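Please look at the sequence and the structure shown below.

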Amino acid sequence: MNAPRLQRLAVALVTLAWAMASQPALAAPSQPALAAPSQGDHSYRVDYRAAESCPDREAFTKEVARRSRRAQVVATGGALRATVSIEASPWRGTLSYEGRDGSGQRSVEGEECDEVVSALALMLALLVDPDAELPSPTKSEAAPEPMPPTVGPPPRIRRPAPPRRSVHPFLAVRGGTMRGVGDGYAPQLAAGLGAFFASWPGMWPGVRVDALLARGDADNAAGSAHFDWMALRAAACARHPLDRAFAVQECLTFEGGRLTGEGSNIDAPRTATAPWLGPGGQLAFAVAPLRPLRILAEAGATVMLTRDSFYFRPAEVVHRIAPVIPHFGLALEAEL
């Protein structure tokens, strides 16, 4: 290669290097910054009322939290105030809400209470947090997944949960006081069994039978007498659940039994027995501190159809069955 050609090549390379150095460098495209999540108030307060067989308030708020991590339930205040009520037969739930953006009401129906609770929880989560997660598609809607190769024993088949019971049998013990067995009030004890039927929303009908015992004393100028009372009480009741823990209960009753008196502190004491029959009514307030137990405060009365008298001599009556027999007490029921 001769010198002139070398000189021309060197000049070309220097010119190309200067041209490249004078071009501005290409900047990498900037990435858009991620938008910060909303910092609004996602608190809510909820008044929850449902039948005893439904999930409780804590389960409902956990379902809301599962849909939205930003939703926060509070005891007072809150950006949104909601009322949730669920009734049975058929299962129907209502969500009423009030917040800064307005108020409204929504309702949903389902075959199971769990379905209604899940739907209402999703509605509330979306009201509190518009970015709440929607439920994932069902198996029929989702794309089929490849089956992994079988290794080891086959997977256990999950059996469906048993259906919720509509009949709720229980055992009960009762204690209290009553008139009509001697002078004043006498202590009484009872034991029995019964059942309630979860067939109507807001009211459970039921039946009950109790065996009752009581003892009392009576005195007059001629002597004293001891009385033993034994009876069976049948009751047809209606329970009105106020929420999962409290209920009001009314019963129509009928008693059948006997009252036996034995004289004492007199010459030639004798024993006599009188029949005991009468319809009545009873009102109770029930609280369930721990399932399956219930504690009831009861008050009632019996209208007597028999009103026999006990006497030492015809002119010396020691006790007479009153026309109305009031009774009061506490009961402990255990659901089976």
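At roughly what angle do the axes of helix α2 and helix α3 cross?

## Basis of the model

This is a predicted model, in which local features need pLDDT of at least 70 and side-chain atom pairs count only at pLDDT 80 or more, while totals for chains, interfaces and linings use all residues. Residues are numbered from 1 along each chain as its sequence is written, and side-chain values use heavy atoms, with hydrogens and water left out.

## Helices α2 and α3

The axes of α2 (residues 57-67) and α3 (residues 113-128) cross at roughly 55° and come within 8 Å; axes are lines fitted to C-alpha atoms over the stretch in contact, with angles from 0 to 180 degrees between N-to-C directions. Helices are DSSP runs of H or I with at least four residues, and strands are runs of E with at least two, numbered from the N terminus.

The contact (heavy atoms within 4.5 Å) is made on the α2 side by Phe60, Glu63, Val64 and Arg67, and on the α3 side by residues including Val117, Leu120 and Leu124.

## Leu126

Leu126, which lies in helix α3, is partly exposed at 31% relative accessibility, where buried means under 20% relative accessible area, exposed over 50% and partly exposed in between (1.4 Å probe, protein chains only). Leaving aside neighbours within four places in sequence, Leu126 is in contact with Ala132 and Leu134.

## Arg239

Arg239 is placed in strand β9 (residues 223-241) and counts as buried, with 1% relative accessibility. Beyond its neighbours within four places in sequence, Arg239 is in contact with several residues, among them Phe196, Trp204, Gln249 and Glu333.
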